[in-house]
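Please have the structure open as you read.

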Amino acid sequence: MIEVEVKARAPEDLLKMEDKLVKIGAKRVKKEYQEDLYFNAPHRDFAETDEALRIRKVRDNHSEKIFITYKGAKMDNVSKTREEIEVGVADPVKVADIFKNLSFRPVATVRKNRIIYSLNELVITLDKVEGVGSFMEIEKETEEDGDIEGALNDIFDTYSQIGIEEGFERRSYLELMGI
C-alpha cells in the first residue's frame, strides 16, 4: 500500500480544529496514545535514505496494540507519500531484542496523543507530540498503481475547507526533534 499523507502544523488549539472537522462532516473515531521506538539500520542510514523502521505501541481506553512499521522514502516533493508496510506483533521487547541482535540500533522515541477522525476515505489525525507541538495529518491509502494525484487533491481540498493553506510539513516527527 501507498500512504498518501500531508502534515500541517495546527494553527490554533486542537479543540477549535475538532470543531472545524465536525462542521465539514468528519466523524470522531477515537483518542489514543502512541509511543514509537525508531531504529536505524546497520547497512544504511535511514536518515539519508528517508526510510523509517519503528515499533509502535498504541493505547486507548480498551487495549494496547503493538505494530512493526517500515516506511519507504518519500515519493514526491509536496507530501509525505510513501510505501508503508505494517504488521501487528505481540511483544515489543522481544521485537526490539531481535532488531538489536541484527545490529539495528534504537535512535529515538516519539510520544504523542492522537485524536482520529474519518471523512469519506480520509483519515485525519490531530497530534500533540511531546517536545514538538501540535499537528494535523490527513492521509489516504491507495494501491501502488492507484491515483496518488487524486488522493493529494482530496487531502489539500480538505485542508482548504478547514482554513489551512500553509504550514505544511514534510519532515517526520523524528526530524522535527532534530534526530
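Predicted model: local features only at pLDDT ≥ 70, side-chain atom pairs only at ≥ 80, totals over all residues.

In strand E5, Tyr70 has Ile85 as its bridge partner. The notes below start with the strands, move on to a few charged residues, and then turn to a helix and the aromatic rings.

**Strand pairing around E5**

- Strand E5 covers residues 82-89, and two bridges connect it to E1 in the antiparallel sense.
- On that side, Ile2 is found opposite Glu83 of E5.

**Arg82 in strand E5**

- Arg82 has its place in E5, and it counts as buried because its relative accessible area is 7%, under the 20% cut-off.
- Setting aside neighbours within four places in sequence, the contacts of Arg82 include Met1, Ile2 and Glu3.
- Also in contact with Arg82 are Asp50, Ala52, Lys71, Gly72, Ala73, Lys74 and Met75.
- With its side chain, Arg82 reaches the backbone oxygen of Asp50 at 3.4 Å.

- Is Glu5 buried or exposed? Glu5 is buried, because its relative accessibility is 2%.
- You will find Glu5 in strand E1, which takes in residues 2-9.
- Not counting residues up to four places away in sequence, Glu5 touches Lys71, Ser79, Lys80 and Thr81, among others.
- The list of residues that Glu5 touches also includes Glu137, Ile138, Glu139 and Ile155.
- Lys7 lies over the face of Phe135, 5.7 Å from the ring centre.
- The charged end of Lys7 also sits over the ring of Tyr173, at 3.8 Å from the centre of that ring.

**Arg56 in strand E3**

- Arg56 belongs to strand E3 (residues 52-59), and a relative accessible area of 9% is why Arg56 counts as buried.
- Which side chain makes a polar contact with the side chain of Arg56? The partner is Gln34, at 3.2 Å.
- Beyond its neighbours within four places in sequence, Arg56 is in contact with Gln34, Glu35 and Asp36, and also with Lys65, Ile66, Phe67, Lys112 and Arg114.
- Tyr38 is 18 residues from Arg56 along the chain, and their C-alpha atoms are separated by 8.7 Å.

**Helix H4**

- Helix H4 runs over residues 148-161, which makes 14 residues.
- From first C-alpha to last, H4 reaches 20 Å, close to the 20 Å expected at 1.5 Å a residue.
- The buried residues in H4 are Ile148, Gly150, Ala151, Leu152, Ile155, Thr158 and Tyr159.
- An α-helix has 3.6 residues a turn, so residues three or four places apart point the same way.
- Among the elements that cover the buried residues of H4 are E1, strand E6 (105-119) and strand E7 (122-129).
- Strand E8 (133-142) and strand E9 (168-169) are also part of that cover.
- After H4 comes Gly163, which has a positive phi, near 90 degrees.

**Aromatic pairs**

- How many aromatic pairs does a search of the whole structure find? The search finds five.
- One of the aromatic pairs is Phe39 with Phe99, an edge-to-face arrangement with 5.0 Å centre to centre and 80 degrees between the planes.
- This pair links distant parts of the chain, 60 residues apart, with Phe39 in strand E2 (residues 27-40) and Phe99 in helix H3 (residues 92-101).
- Phe39 is buried, with a relative accessible area of 2%, and Phe99 counts as buried at 11% relative accessibility.
- Phe156 and Phe168 also form an edge-to-face pair, with 5.2 Å centre to centre and 80 degrees between the planes.
- Phe156 is in helix H4 and Phe168 in strand E9, so this pair ties together parts that are 12 residues apart in sequence.
- Phe156 is partly exposed, with a relative accessible area of 25%, and Phe168 is partly exposed at 30%.
- Phe39, Phe99 and Phe104 form one aromatic cluster.

Note on methods: Residues numbered from 1 in each chain as written. Heavy atoms only, no water. Helix = DSSP H or I, 4+ residues; strand = E, 2+ residues; numbered from the N terminus. Buried < 20%, exposed > 50% of the residue type's maximum accessible area, 1.4 Å probe, protein only. Contact = heavy atoms within 4.5 Å. Expected span 1.5 Å × (residues − 1). Polar contact = N/O pair within 3.5 Å; in protein donor to acceptor, adjacent residues only side chain to side chain. Phe/Tyr/Trp six-rings, centres within 6.5 Å; stacked < 30°, edge-to-face > 60°. Lys NZ or Arg CZ within 6 Å of the ring centre and 35° of its normal. Pairing = 2+ DSSP bridges.
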